[in-house]
Amino acid sequence: TDRDILCYYAYSNLYTGNPEARDNKLLSTCSKKYTKLDANGNDLPDTATDWVCIRDERTFLVWEKKTDDDGLRDKDLTYYWYDPDPLTNGGNEGKPDLPNTNAYIQSVNSQALGGASNWRMPTVYELEGLVESFGGNWIDTDFFPNTRTWHYWTSSTAFSRPGYTSACFPLIAHAWYTNFNGGSSGCNPKTYRKAARLVHDP
């Protein structure tokens, strides 16, 4: 619908680093935020108790649901930041030792989670889009259960966010995370281990 398109572009302005373009009046009308998805990527009712992914109705991005079963997507797993692509790693690939974020992406894609094989790490702007205050939680746990109140890696290197790099030296060796214990973001050395939540484009 026209409303869906307007909501999409309003949120895209925020997630791509243009918060000054955010239309708060419009966003207040974008009432439905999330839809639960099954193992094949099909829509489920909000009352569903078994789902594997969540679609953000404001951006159409699809997010993985973390589990609490000691499996591949368990909430307690942490990863080194690793991106072997010189076009996106900011000049430093990070730490290739396992477990790392690149290996995690490959494993999830090999399973075609939610019927998709284009899972990736979110940018810091995209991940910050999930931050909201819900009575002590910093994410909507009705749709994103098993979320640790901790740091989640993003794909964004320290170079990718001009003006916010005072704590990120040396820039080449740092990447951004979003903290779901307070809702802020920061940067740390890529050699640190943190949680990860993958996303894929529509």
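Student: Before we count anything, what is a salt bridge here?
Tutor: A salt bridge is a side-chain nitrogen of Lys or Arg within 4 Å of a carboxyl oxygen of Asp or Glu. Keep in mind that this is a predicted model.

Student: How many salt bridges does that rule give?
Tutor: The count comes to nine.

Student: Let's take Arg55. Which residue does Arg55 pair with?
Tutor: Asp43. The closest N and O atoms of Arg55 and Asp43 are 3.0 Å apart.

Student: Where do the two sit in the chain?
Tutor: Arg55 is in strand β2, residues 53-56. Asp43 is in the loop between β1 (34-37) and β2. They are 12 residues apart, and the pair links distant parts of the chain.

Student: Is Arg55 buried or exposed?
Tutor: Buried, with a relative accessible area of 18%. Asp43 is partly exposed, at 48%.

Student: OK, next pair. What does Glu64 do?
Tutor: The Glu64 side chain meets that of Lys66 in a salt bridge, 3.3 Å from N to O. Glu64 is buried, with a relative accessible area of 0%. Lys66 is buried too, at 2%.

Student: And which residue bridges to Glu126?
Tutor: Arg120. The closest N and O atoms there are 2.9 Å apart. Glu126 counts as buried at 11% relative accessibility, while Arg120 counts as partly exposed at 21%.

Student: New topic. How many residues are in the largest nonpolar core?
Tutor: It has 18 residues. Cys53, Trp119 and Leu198 have the most contacts inside this core.

Student: Which elements give two or more residues to it?
Tutor: Helix α3 (101-110) and strand β6 (174-179). Helix α3 gives the most, with three residues.

Student: What does Leu198 touch?
Tutor: Leaving out residues up to four places away in sequence, the list includes Val62, Trp63, Tyr104, Ile105, Val108, Trp119 and Met121. Leu198 also touches Glu64 and Arg120.

Student: What does a second, separate core include?
Tutor: That core of 15 residues includes Tyr34, Val131, Phe143 and Val199.

Student: Back to α3. Where is Asn102?
Tutor: Asn102 is in helix α3. Asn102 is buried, with a relative accessible area of 18%.

Student: What does Asn102 touch?
Tutor: Tyr82 and Pro84, not counting residues up to four places away in sequence. Asn102 and Tyr82 are 20 residues apart in sequence. In space they are 5.7 Å apart, C-alpha to C-alpha.

Student: Now the backbone. Which peptide bond is cis?
Tutor: The one from Leu98 to Pro99, with omega near -5 degrees. Pro99 lies in the loop between β4 (79-80) and α3.

Student: What is phi for Ala112?
Tutor: Near 50 degrees, a positive value in a residue other than glycine. Ala112 is in the loop between α3 and α4 (124-128). Ala112 is partly exposed, with a relative accessible area of 33%.

Student: And what is phi for Asn146?
Tutor: Positive, about 60 degrees, although Asn146 is not a glycine. Asn146 lies in the loop between α4 and β5 (151-157). Asn146 is partly exposed, at 26% relative accessible area.

Conventions:
Residues numbered from 1 in each chain as written. Predicted model: local features only at pLDDT ≥ 70, side-chain atom pairs only at ≥ 80, totals over all residues. Heavy atoms only, no water. Core = buried A, V, L, I, M, F, W, Y, C linked by side-chain atoms within 4.5 Å. Buried < 20%, exposed > 50% of the residue type's maximum accessible area, 1.4 Å probe, protein only. Helix = DSSP H or I, 4+ residues; strand = E, 2+ residues; numbered from the N terminus. Contact = heavy atoms within 4.5 Å.
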